[in-house]
Amino acid sequence: MKCYWCDNELIWGGDIDIDESMPTYPEFSVMTNLSCSKCFSEVEVLKKRDAFD
């Protein structure tokens with residue numbers, strides 16, 4: 001995945017399983033953290049909760 005700001009490749013930082021005890025994101029099941037080593041932007045990608053979660 002490319003950085004929105006500088007078009008550099010984003011670096012995967014890890015995934016976080018979101019459970020019901022995290023009230024900020026009740027409709028999502030996974031949060032992926034990405035960062036850019038060139039412009040230092042950070043990106044959070046959220047996966048919508050579905051029947052397979």
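Predicted model: local features only at pLDDT ≥ 70, side-chain atom pairs only at ≥ 80, totals over all residues.
In β3, Glu44 is the bridge partner of Asn33. Seven bridges join β2 to β3, and the two strands run antiparallel. A further position along this pair is Leu34, whose bridge partner in β3 is Val43.

The chain as a whole holds three strands and zero helices. From the N terminus on, its elements follow the pattern β-β-β. The strands form an open sheet in the order β1-β2-β3, with antiparallel pairing. β1 (10–17) and β3 (42–48) stand at the edges. Each has a single partner strand, so one side of each is left without a neighbour in the sheet. On average, neighbouring strands of this sheet are turned by 20 degrees against each other, direction ignored.

The other pairing in the sheet is that of β1 with β2. These strands pair in the antiparallel sense over seven bridges. Trp12 stands opposite Leu34 of β2.

Beyond its neighbours within four places in sequence, Ser41 is in contact with Cys3, Trp5, Leu34, Ser35 and Cys36.

Apart from neighbours within four places in sequence, Ser29 is in contact with Ile16, Asp17, Ile18, Lys47, Lys48, Arg49 and Asp53.

Met31 is also placed in β2. At 7% relative accessibility, Met31 counts as buried. With neighbours within four places in sequence left aside, Met31 is in contact with Gly14, Asp15, Ile16, Ile18, Tyr25, Glu44, Val45 and Leu46. The C-alpha atoms of Met31 and Lys48 are separated by 9.4 Å, and the two residues are 17 residues apart along the chain. In a regular strand, side chains alternate between the two faces of the sheet.

Aromatic pairing was examined next. The structure holds one aromatic pair. The ring centres of Tyr4 and Trp5 lie 4.8 Å apart and their planes stand at 90 degrees, so the pair is edge-to-face. Both Tyr4 and Trp5 are exposed. Trp5 is also one of the residues in contact with Ser41.

Overall dimensions complete the description. The C-alpha trace spans about 35 × 20 × 15 Å along its principal axes. The chain has a radius of gyration of 13 Å, whereas a compact globule of 53 residues would have one near 10 Å. Of the 53 residues, 21% count as buried. The chain exposes about 4200 Å², and carbon and sulfur atoms supply 57% of this area. Among contacts with a separation of 6 or more, 27% are between residues 24 or more positions apart.

Technical notes:
Residues numbered from 1 in each chain as written. Heavy atoms only, no water. Contact = heavy atoms within 4.5 Å. Pairing = 2+ DSSP bridges. Helix = DSSP H or I, 4+ residues; strand = E, 2+ residues; numbered from the N terminus. Axes fitted to C-alpha atoms, helices over the stretch in contact; angles between N-to-C directions. Buried < 20%, exposed > 50% of the residue type's maximum accessible area, 1.4 Å probe, protein only. Rg over C-alpha atoms; globule rule 2.2 N^0.38 Å. Areas by Shrake-Rupley, 256 points an atom, 1.4 Å probe, with all protein chains shown as cover. Phe/Tyr/Trp six-rings, centres within 6.5 Å; stacked < 30°, edge-to-face > 60°.
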